[in-house]
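Take a look at the chain below.

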Amino acid sequence: MAARPLRADAERSVRAVLEAAERVLAEDPGASMEQIAAAAGVARTTIHRRFANRQSLIEALALSAARQLAQAVDDGRPDTAPPLVAMHRITANVLQVKGAWAFALGLPADPDSEAAVLQQDIDRRCVAVLQRAQAEKVIDSAADLEWVRRVYYALIGESLRGNADGSDPDALAARIIDTLLHGAGPRA
């Protein structure tokens, strides 16, 4: 039987709890449910009504963040926008989501979880965009696209770690794509 959709006020409460959990757990991964409830501005019983225990809250947090990341990829139109446009849009969108949900997206996902399935789909879609870029000769035809994907993810991760000042996602996306495609060598 499918879960009944939440009422609007209940959905707002869950969203507030998840956002508070991200903030609190990013600062103190051992924070209690009570600390998260206080940060969310809800009663402790509200959290316990929605999440049976701390682990279920963390799993919901990871799933919510993974869904937002998948939406960020979708919003970049990976299947229809020209490959470079899609890569830029996706990168800027992903930077925003990863910046806001760093704790949740840094959690190891249970391989059988919906969050892990979403991440696998994101990986697959990333390689598909890279294949389109390769077909348009933007990426070398001999390039190992799985390696290119891993380097791309590393560039995103490093740019987030090194730019805590809240740099413009579009400017960072341009730098990431430029570095991915051209490296640090001299220009011809």
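Predicted model: local features only at pLDDT ≥ 70, side-chain atom pairs only at ≥ 80, totals over all residues.

Begin with the overall build. The secondary structure comes to nine helices and zero strands. The C-alpha atoms fill a box of roughly 65 × 40 × 25 Å, taken along the principal axes. The chain has 188 residues, and 37% of them count as buried. Now consider contacts between residues at least 6 apart in sequence. Of these, 65% join residues at least 24 apart.

Next come the pockets. The largest pocket has a volume of about 440 Å³. How many residues line the largest pocket? Its lining has 26 residues, and Leu69, Lys98, Gln119, Ile122 and Tyr153 lie nearest its centre. At least two lining residues come from each of α4 (54–75), α5 (83–100), α6 (102–105), α7 (114–135) and α8 (145–162). Which helix gives the most to this lining? The answer is α7, with eight residues. Sorted by class, the lining of the largest pocket holds 21 nonpolar, three polar and two charged residues.

The second largest pocket has a volume of about 370 Å³. Its lining is made of 13 residues. Val14, Leu18, Ala60, Ser64 and Arg67 lie nearest the centre of this second pocket. Two helices to find here are α1 (8–27) and α4, which each supply at least two lining residues. Here α4 gives the most, with five residues. The lining of the second largest pocket divides into seven nonpolar, two polar and four charged residues.

Go back to Tyr153, one of the residues nearest the centre of the largest pocket. Its ring is worth a look. A search of the whole structure finds one aromatic pair. The partners are Tyr152 and Tyr153, with ring centres 6.0 Å apart and planes at 50 degrees. How is such a pair named? Planes under 30 degrees apart count as stacked, and planes over 60 as edge-to-face. Are the two residues buried or exposed? Tyr152 has 7% relative accessibility, so Tyr152 counts as buried. Tyr153 has a relative accessible area of 26%, so Tyr153 is partly exposed. The cut-off for buried is under 20%. The charged end of Arg149 sits over the ring of Tyr153, 4.7 Å from its centre.

Two alanines come next. Ala72 is found in helix α4, a helix that also lines both pockets. With a relative accessible area of 4%, Ala72 is buried. What does Ala72 touch, not counting residues up to four places away in sequence? The list is Ile90, Asn93, Val94 and Val97. Ala184 sits 112 residues from Ala72 along the chain, and their C-alpha atoms are separated by 28 Å.

Ala104 belongs to helix α6. Its relative accessibility is 3%, so Ala104 counts as buried. Leave aside its neighbours within four places in sequence, and Ala104 is in contact with Glu22, Leu61, Ala62 and Ala65. Phe51 is 53 residues from Ala104 in sequence, and the two are 16 Å apart in space, C-alpha to C-alpha.

Finish in the loops. Arg77 has its place in the loop between α4 and α5. Its phi is positive, about 55 degrees, although Arg77 is not a glycine. At 38% relative accessibility, Arg77 counts as partly exposed. Lys137 lies in the loop between α7 and α8. Lys137 has a positive phi as well, of about 65 degrees, and is not a glycine. What about its surface? Exposed means over 50% relative accessible area. Lys137 has 72%, so Lys137 is exposed.

Note on methods:
Residues numbered from 1 in each chain as written. Heavy atoms only, no water. 1 Å grid on protein atoms, 1.4 Å probe; cavity = no way out; pocket = protein on both sides within 12 Å on 5 of 7 lines; lining within 4 Å. Points joined across faces, edges and corners; volume = space filled by probe spheres on them. Helix = DSSP H or I, 4+ residues; strand = E, 2+ residues; numbered from the N terminus. Nonpolar A, V, L, I, M, F, W, Y, C, P; charged D, E, K, R; others polar. Phe/Tyr/Trp six-rings, centres within 6.5 Å; stacked < 30°, edge-to-face > 60°. Buried < 20%, exposed > 50% of the residue type's maximum accessible area, 1.4 Å probe, protein only. Lys NZ or Arg CZ within 6 Å of the ring centre and 35° of its normal. Contact = heavy atoms within 4.5 Å.
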